[in-house]
Amino acid sequence: MPDPSLGIQLDGKALPGDVMARLTQVEVRESDADPTIATLRFSLAQGPDGRFFVLDDTLFGPATPVDVDIAAPGGLSTRLLSGFVTHVRPHF
């Protein structure tokens with residue numbers, strides 16, 4: 001049976017494989033009263049230089065266009081969100 005698929009694009013380009021491999025959770029929330037938001041959670045890794053992979057990269061800069069698409073197993077892709085990065089908030 002086919003697997004469901006998830007597509008995340010930043011500035012029109014798919015997230016690199018090494019970044020997608022660290023993605024642990026995606027949540028998209030819709031509301032009649034508030035804007036639709038997406039929360040992406042990643043497993044962070046600190047390199048020998050002290051930088052945190054994903055967090056210290058410039059991928060998620062403010063106002064970067066972001067799109068989130070999903071597809072059920074064997075189904076067509078559906079866009080859940082088309083918006084912009086508003087902030088990055090690490091949780092340790």
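**Figure 1. Charged side chains across the predicted model.** The chain carries 7 positive and 12 negative side chains. The centres of the two sets lie 4 Å apart. The model is predicted. Its accessible surface comes to about 6500 Å². Carbon and sulfur atoms account for 53% of that surface.

**Figure 2. The whole chain.** One helix and 8 strands make up the secondary structure. Along the sequence the elements read β-β-α-β-β-β-β-β-β. The C-alpha atoms fill a box of roughly 45 × 40 × 25 Å, taken along the principal axes. The chain has 92 residues, and 22% of them count as buried. Take the contacts between residues at least 6 apart in sequence: 42% of them join residues at least 24 apart.

Figure 3. In what order do the strands of the open sheet stand? The order is 2-1-7-8, and the pairing is antiparallel. Strand 2 (residues 13–14) and strand 8 stand at the edges. Each has a single partner strand, so one side of each is left without a neighbour in the sheet. Strands of a sheet pair through backbone hydrogen bonds, in either a parallel or an antiparallel sense.

**Figure 4. Strand 7 and its two pairings.** Strand 7 spans residues 65–71. It is mostly covered, with 5 of its 7 residues buried. Strand 1 (residues 5–10) pairs with strand 7 over 6 bridges, in the antiparallel sense. Strand 8 (residues 78–84) also runs antiparallel to strand 7, joined by 6 bridges. Follow the bridges at Asp67. Gln9 has Asp67 as its bridge partner in strand 7. Asp67 in turn has Ser82 as its bridge partner in strand 8. Pro65 is bridged to Phe84 of strand 8.

**Figure 5. The hairpin of strand 7 and strand 8.** Between the two strands of this hairpin lie 6 residues. Within the hairpin, Gly74 takes a positive phi near 75°.

**Figure 6. Gln9 in strand 1.** Gln9 belongs to strand 1. Is Gln9 buried or exposed? Its relative accessibility is 16%, so Gln9 counts as buried; the cut-off for buried is under 20%. Which residues does Gln9 contact, leaving aside neighbours within four places in sequence? They are Ala14, Pro65, Val66, Asp67, Asp69 and Arg79.

**Figure 7. Ser5 in strand 1.** Ser5 is also found in strand 1. Ser5 is partly exposed, with a relative accessible area of 41%. Residues up to four places away in sequence aside, Ser5 touches Asp69, Ile70 and Ala71. Ser77 is 72 residues from Ser5 in sequence. In space, the C-alpha atoms of Ser5 and Ser77 are 8.0 Å apart.

**Figure 8. The largest nonpolar core.** How many residues make up the largest nonpolar core? There are 12 in all: Ile8, Leu10, Leu15, Val19, Leu23, Phe42, Val54, Phe60, Val66, Val68, Leu81 and Val85. Strand 1 and strand 7 each supply at least two residues of this core. In soluble globular proteins, nonpolar side chains tend to be buried together. Not counting residues up to four places away in sequence, Val19 touches Phe42, Phe53, Val54 and Leu59.

**Figure 9. Asp11, a loop residue with positive phi.** Where is Asp11 found? Asp11 sits in the loop between strand 1 and strand 2. Its phi is positive, about 55°, although Asp11 is not a glycine. Most residues other than glycine have a negative phi.

Figure 10. Ala63 lies in the loop between strand 6 (residues 52–53) and strand 7. Ala63 is not a glycine, yet its phi is positive at about 70°. Is Ala63 buried or exposed? Ala63 counts as exposed because its relative accessibility is 52%, and the cut-off for exposed is over 50%.

Note on methods:
Residues are numbered from 1 along each chain as its sequence is written. This is a predicted model: local features need pLDDT of at least 70, side-chain atom pairs count only at pLDDT 80 or more; totals for chains, interfaces and linings use all residues. Side-chain values use heavy atoms; hydrogens and water are left out. Buried means under 20% relative accessible area, exposed over 50%, partly exposed in between (1.4 Å probe, protein chains only). Helices (H or I, at least four residues) and strands (E, at least two) are DSSP runs, numbered from the N terminus. Two strands pair if DSSP finds at least two bridges between them. Contact means heavy atoms within 4.5 Å. A nonpolar core is a set of buried Ala, Val, Leu, Ile, Met, Phe, Trp, Tyr and Cys residues joined through side-chain atoms within 4.5 Å. Accessible areas come from the Shrake-Rupley method with a 1.4 Å probe; for residues, only the protein chains shown count as cover. Lys and Arg count as positive and Asp and Glu as negative; His and the chain ends are not counted. The place of a charge is taken as NZ of Lys, CZ of Arg, CG of Asp or CD of Glu.
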